[in-house]
Amino acid sequence: MGHDPQDRRVHELVEEVSAASPEFRRLWQRNDVRGKTHEAQTFRHGSVGELTLTYHVFDVRGAAGQQLIVCCSAAWP
């Protein structure tokens, strides 16, 4: 539900999508989502080719709900 689990619009959206999609309803009920703070992810770029980036997520002090996401490549020159 993000940073505001009481947000009426989010609840309405979940209800709407749940009514339209049994698969979404099943996945939503599993509730196995977790926040990530770091991970490696591979992308395929048209000009560069395959690119693996590692990212780290940091909360920003004094700015509730804001995050800084830093990505870097293992192949950094």
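In general, a disulfide is a covalent bond between the sulfur atoms of two cysteines.

You are looking at a predicted model, in which local features need pLDDT of at least 70 and side-chain atom pairs count only at pLDDT 80 or more, while totals for chains, interfaces and linings use all residues. Residues are numbered from 1 along each chain as its sequence is written, and side-chain values use heavy atoms, with hydrogens and water left out.

Now let us turn to the sheet. It is open and has three strands in the order β1-β2-β3, with antiparallel pairing. At its edges stand β1 (38-45) and β3 (67-73), each with a single partner strand, so one side of each is left without a neighbour in the sheet. Neighbouring strands of this sheet are turned by 30° against each other on average, direction ignored. That angle is taken between axes, which are lines fitted to C-alpha atoms (for helices over the stretch in contact), and angles run from 0 to 180 degrees between N-to-C directions. Two strands pair if DSSP finds at least two bridges between them. In general, strands of a sheet pair through backbone hydrogen bonds, either parallel or antiparallel.

You can follow the pairing residue by residue. A hairpin of three residues joins β1 to β2, and eight bridges link these two antiparallel strands. Across this pair, A40 stands opposite T54 in β2, and Q41 has L53 of β2 as its bridge partner. On the other flank, β2 (residues 49-59) is joined to β3 by seven bridges, again antiparallel. Here D59 is bridged to Q67 in β3, and Y55 has C71 as its partner in β3.

Together with V60, L68 and V70, F58 makes a nonpolar surface patch of about 330 Å². Patches are made of residues with over 30% relative accessible area and no salt bridge; like charges are joined within 9 Å, and nonpolar side chains (Val, Leu, Ile, Met, Phe, Trp, Tyr) within 5 Å. The areas come from the Shrake-Rupley method with a 1.4 Å probe, and for residues only the protein chains shown count as cover.

What about charged contacts? A salt bridge is a side-chain nitrogen of Lys or Arg within 4 Å of a carboxyl oxygen of Asp or Glu, and by this rule the count comes to three. One of them joins E50 and R44, at 3.4 Å from N to O, and both residues are exposed. Another pairs R8 with E12, whose closest N and O atoms are 2.9 Å apart. R8 and E12 both lie in helix α1, four residues apart, about one turn of the helix. R8 is exposed at 56% relative accessible area, whereas E12 is partly exposed at 40%. R9 and D7 form a salt bridge as well, with 3.4 Å between the closest N and O atoms; R9 is exposed at 58%, but D7 is buried at 17%.

Helix α1 (residues 8-20) also contains S18, which is buried at 13% relative accessibility. S18 and Q29 are eleven residues apart in sequence and 9.8 Å apart in space, C-alpha to C-alpha.

Conventions
Buried < 20%, exposed > 50% of the residue type's maximum accessible area, 1.4 Å probe, protein only.
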